Amino acid sequence: MIYPINIKTEDMGVVIIGGGEVGYRKCVNFINFKTNVTVISPEFIDEFYKLDRNLVKLVKDNYKEEYINDSFIVVAATNNKEINKEIGLYCRNNSKLVNVVDSIEMSNFTTPSYVKRGDLLISISTGGKSPSLSSKIKKELEDKYDESYEEYTRVLGEVRKDIIRKYEKKSEKKEMLNRLVELSLEELKAISENHIK
Ligand SMILES: C[C@@]1(CC(=O)O)c2cc3[nH]c(cc4nc(cc5[nH]c(cc(n2)[C@H]1CCC(=O)O)[C@@](C)(CC(=O)O)[C@@H]5CCC(=O)O)C(CC(=O)O)=C4CCC(=O)O)c(CCC(=O)O)c3CC(=O)O
Ligand SMILES: NC(=O)C1=CN([C@@H]2O[C@H](COP(=O)(O)OP(=O)(O)OC[C@H]3O[C@@H](n4cnc5c(N)ncnc54)[C@H](O)[C@@H]3O)[C@@H](O)[C@H]2O)C=CC1
């Protein structure tokens, strides 16, 4: 079973083994979350060379244990099942988080599909049963939770802070906070401005 947790990968960096299509997709996702990525591979697809060099380090070599000794988050993305398994086993025996792209059984984390609107993050996973279904649901949620949710979430956060400061009684506070999400962006902004005055 897989439990969803949200991790600040920005603080720890990631090592990806394998410079093919899948390694690239995982790499781009980590970069989108401002994470430093080191990719180990004897060959890289061209797209890797266009990525931000401040965030991505490419090491042209075959996998060796020393490349992941000090890392907490590892992605095994080679096209060699045996090597991927070896990386998976090593990480699990050494308390590391590992995503083995060709084996959900060897992985102790997976990378979900997601919709990100500012601080609103909705992630989708099928426990490996159908990545295509995850991708389809993501597209449906992208329509429902459009770009306007970035500002909506931000303003909600501001008003929430105000309410937490102003209401002392726990039940009143909770009731107000629950009701906030029924308001439109315009209504929320009006409240926000009133509070600031
Ligand atoms: C378990 C997991 C481990 C992990 O990688 O974390 C995993 C494993 C495998 N994927 C395979 C195939 C495909 N993966 C995709 C796409 C995505 N795969 C992603 C995640 C995951 N894939 C994790 C579970 C996710 C969940 O629980 O739903 C997404 C969501 C996120 C991401 O990659 O970052 C991203 C969509 C991004 C988006 O659109 O948002 C497509 C679609 C395409 O390419 O068009 C295909 C081909 C079609 C198909 O197979 O459905 C194979 C078989 C390889 C083979 O053929 O041998 C395996 C291995 C196996 O099944 O054993
Ligand atoms: N989890 C997922 O989302 C998906 C997983 N897969 C699985 O992922 C695997 C990789 O797929 P692709 O990236 O398309 O393959 P690919 O063939 O494009 O890339 C594999 C990369 O691994 C490198 N590699 C091989 N041996 C290595 C070693 N010893 N050390 C370091 N790097 C090494 C190769 O040089 C190459 O750059 C496939 O075998 C497939 O089973 C496929 C599709 C989606």
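**View 1. Polar contacts of ligand 1 with the protein.** A backbone N or O atom of Gly128 lies 2.8 Å from an oxygen atom of ligand 1, a polar contact being a pair of N or O atoms within 3.5 Å. From the side chains, a polar atom of Arg25 is 2.9 Å from an oxygen atom of ligand 1, and a polar atom of Lys138 is 3.4 Å from an oxygen atom of ligand 1. On its own, ligand 1 has 1,100 Å² of accessible area, and the protein covers 61% of this, with areas taken from the Shrake-Rupley method and a 1.4 Å probe. The model is predicted, and local features need pLDDT of at least 70, side-chain atom pairs count only at pLDDT 80 or more, and totals for chains, interfaces and linings use all residues. Residues are numbered from 1 along each chain as its sequence is written, chains are lettered from A and ligands numbered from 1 in the order in which they are written, and side-chain values use heavy atoms, with hydrogens and water left out.

**View 2. The shell around ligand 1.** Around ligand 1 there are 21 residues, of which Lys26, Ser113, Thr126, Ser134 and Ser135 come nearest; a residue is counted as near if one of its heavy atoms lies within 4 Å. The shell divides into 4 nonpolar, 13 polar and 4 charged residues, where Gly is among the polar ones and Asp, Glu, Lys and Arg are the charged ones. Helices α1 (21-32) and α3 (131-144) each supply at least two residues of this shell, and α3 gives the most, with 5 residues; helices are DSSP runs (H or I) of at least four residues, and strands are runs (E) of at least two.

**View 3. Ligand 1 and the domains.** The chain is divided into domain 1 (9-111), domain 2 (112-145) and domain 3 (148-196), with bounds from an automatic or database domain assignment. Ligand 1 lies between domain 1 and domain 2, because both give residues to its shell. The C-alpha centres of domain 1 and domain 3 lie 41 Å apart.

**View 4. Ligand 2 and its surroundings.** Ligand 2 is surrounded by 20 residues, the closest being Val22, Arg25, Glu43, Tyr63 and Asn79, and the shell divides into 8 nonpolar, 7 polar and 5 charged residues. Strands β1 (14-19) and β2 (37-44), together with α1, each supply at least two residues of that shell.

View 5. An N or O atom in the side chain of Arg25 is 2.6 Å from an oxygen atom of ligand 2, while a backbone N or O atom of Glu21 lies 3.1 Å from an oxygen atom of ligand 2. In the side chain of Asn62, an N or O atom is 3.5 Å from a nitrogen atom of ligand 2. Taken alone, ligand 2 exposes 870 Å², of which the protein buries 68%.

Key. Polar contact = N/O pair within 3.5 Å; in protein donor to acceptor, adjacent residues only side chain to side chain.
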